[in-house]
Amino acid sequence: MFPDHSFAPLQLRGRQLLPIVQGGMGVGISAHRLAGSVAREGALGTIASIDLRHHHADLVEQCRADPRHDTLAQANLVALGREIEAARKLADGHGMIAVNVMKAVNAHADYVRAACEHGADAIVMGAGLPLDLPDLTQGVDIALIPILSDARGVSLVLKKWMKKGRLPDAVVLEHPAHAGGHLGVTDLADMDNERFGFERIFEELDGVYATLGISRSDVPLIVGGGINSHEAVRRWLQAGANGVQVGTPFAVTEEGDAHPNFKRVLADAKPEDIVEFISVTGLPARAVKTPWLDRYLRNESRIRVKIGQVKNACPTGLECLSVCGLRDGIEKFGHFCIDTRLAAALRGDVSNGLFFRGREALPFGNAIRSVRDLLELLLTGSARPAVAHRAAFALS
Ligand SMILES: Cc1cc2nc3c(=O)[nH]c(=O)nc-3n(C[C@H](O)[C@H](O)[C@H](O)COP(=O)(O)O)c2cc1C
């Protein structure tokens, strides 16, 4: 277990954890190896639920032989179950294993049920308001953690959930100006808005909690987006956060579940390579301007004018999103197949993949280090020297 550090533990449903949370990263970027390795150190490790079949050769083969929607959807549920079980085994009773579910995903309720069935310790839900989460998990002893970006969103969820007799076990506050992947803001021009500032949210929520008769120990706050050093961890924990969520720095660890090329792209990206754009979900997203994204962005306005309102058959047959700019012909949304692009990135296909990444520099520069080293650096300010090459990658 982890050596001494000076921070209070993050308390979740009676468990004491390191105050660093590993954010869920799809498609397949945080699967069992990353989440299990993080939990093993005594923290919350998160499996991203979406489209995990890509990590399982037998399921990929099954889907190739029978590419109907139901086969693909079922393969993903089998994959999620396997990943949770493998992560729990790796964690060996330490920490907690969460499953990240995006509300914007068609199968979100199935992923939640599978997470409960296979013994996940927590569900972390973002990309939409998780108003149905208490109903979906009724009677199950599992921590529920919404991801939101401002006090208004938190207040709304608290009020709706309290009517159902349930409180979130924690809330993740993700800052749209810094985080990777989909961002919790409808308009890119809005991402620096002061209402997303963590200090301001803490202040506003003090009032909301008081009105609702609850306290911070009832619903701890975890802040995420651009937290990349011991100093940043210290700053936010001292400012009143109960934990910090970290994404990109975990994606590039040795234990990260993506291909080494994926980690190289993220680790080597310079500030000018990191861009924001509108995803097929309609939400802004942040990624590295790799060859495919560069091409897409250069042609984006032409694509919108030409085919923006054309409806398309879902190219993979998975129908992953409830609303998709490409399938549903929504002009102002993105127009590409996000599942195909993210799966290509997972496999390390630099030319064709979409590589989500947070905005800030990484704690170890462009070095690939272990989960243990990263946690140690973030919590104590120093890490042991690098050990020569321990990389491991397998799409089994
Ligand atoms: C490659 C990548 C994929 C991500 N995928 C998801 C996801 O599937 N669901 C989600 O809620 N957040 C996702 N995120 C956001 C992270 O969980 C995390 O909150 C965020 O990246 C924190 O900012 P940081 O990367 O600067 O640490 C993703 C981030 C990255 C970098």
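This is a short walk through the structure, stop by stop, with something to select at each one.

**Before you start**

What you have open is a predicted model, so a local feature needs a pLDDT of at least 70 and side-chain atom pairs count only at pLDDT 80 or more, while totals for chains, interfaces and linings use all residues. Residue numbers start from 1 along each chain, following the sequence as written.

**Stop 1: the whole protein**

Show everything as a cartoon. You'll find 14 helices and 13 strands; helices (H or I, at least four residues) and strands (E, at least two) are DSSP runs, numbered from the N terminus. The radius of gyration is 20 Å, close to the 21 Å that the globule rule gives for 396 residues, so the protein is as compact as a globular protein of that length. (That radius is taken over C-alpha atoms, and the globule rule is 2.2 Å times the number of residues to the power 0.38.) The C-alpha trace spans about 55 × 50 × 40 Å along its principal axes.

Of the 396 residues, 51% count as buried. Here, buried means that 20 or more other C-beta atoms lie within 10 Å of a residue's own, exposed means 12 or fewer, and partly exposed is in between, with C-beta atoms placed from the backbone.

**Stop 2: the ligand**

Now select the ligand and the residues around it. How many residues surround the ligand? There are 29, and the closest are Gly23, Gly180, Gly181, Gly247 and Gly358. A residue is counted as near if its C-beta atom, placed from the backbone, lies within 6 Å. Colour this shell by class and you get 11 nonpolar, 15 polar and three charged residues. In this scheme Ala, Val, Leu, Ile, Met, Phe, Trp, Tyr, Cys and Pro are nonpolar, Asp, Glu, Lys and Arg are charged, and the others, Gly among them, are polar. Strand E5 (96–102), strand E11 (243–246) and helix H9 (248–251) each supply at least two residues of the shell.

**Stop 3: strand E11**

Stay with E11 and select its residues. Both of its faces are covered: Gly243 and Gln245 on one side, Val244 and Val246 on the other, all buried. Look for Gln22, whose bridge partner in E11 is Val246. Then bring in E10, which also pairs with E11 in the parallel sense over three bridges. Val223 stands opposite Val244 in E11.

**Stop 4: helix H8**

Select residues 230–239, which make up helix H8; Val233, Trp236 and Leu237 are buried there. Look down the axis of H8: its buried residues fall within an arc of 100°, so they line one face of the helix. (The arc is that of the directions from the helix axis to the C-beta atoms.) What do these buried residues pack against? They pack against helix H7 (198–212), strand E10 (221–224), E11 and helix H14 (371–380). Packing is judged by contacts, meaning C-beta atoms, placed from the backbone, that lie within 7 Å. Just after H8, Gly240 takes a positive phi of about 125°.

**Stop 5: a three-stranded sheet**

Select E9, E13 and E12. They form an open sheet in the order E9-E13-E12, with antiparallel pairing. The edge strands are E9 (181–182) and E12 (274–278), each pairing on one side only. Two bridges join E9 to E13 (residues 284–288), and His182 stands opposite Ala285 in E13.

**Stop 6**

Most residues other than glycine have a negative phi, and most peptide bonds are trans. With that in mind, select Gly26 and Val27: a cis peptide bond joins them, with omega about -5°. Val27 is in the loop between E3 and helix H1 (32–40).

Move to Asp92, in the loop between helix H3 (69–91) and E5. Asp92 is not a glycine, yet its phi is positive, about 55°. Is Asp92 buried or exposed? Asp92 is exposed, with 10 other C-beta atoms within 10 Å.

Finish at Ala127, in the loop between strand E6 (122–126) and helix H5 (133–136). The phi of Ala127 is also positive, near 55°. Ala127 is buried, with 22 other C-beta atoms within 10 Å.

Technical notes: The arc is that of the directions from the helix axis to the C-beta atoms. Two residues are in contact if their C-beta atoms, placed from the backbone, lie within 7 Å. Two strands pair if DSSP finds at least two bridges between them.
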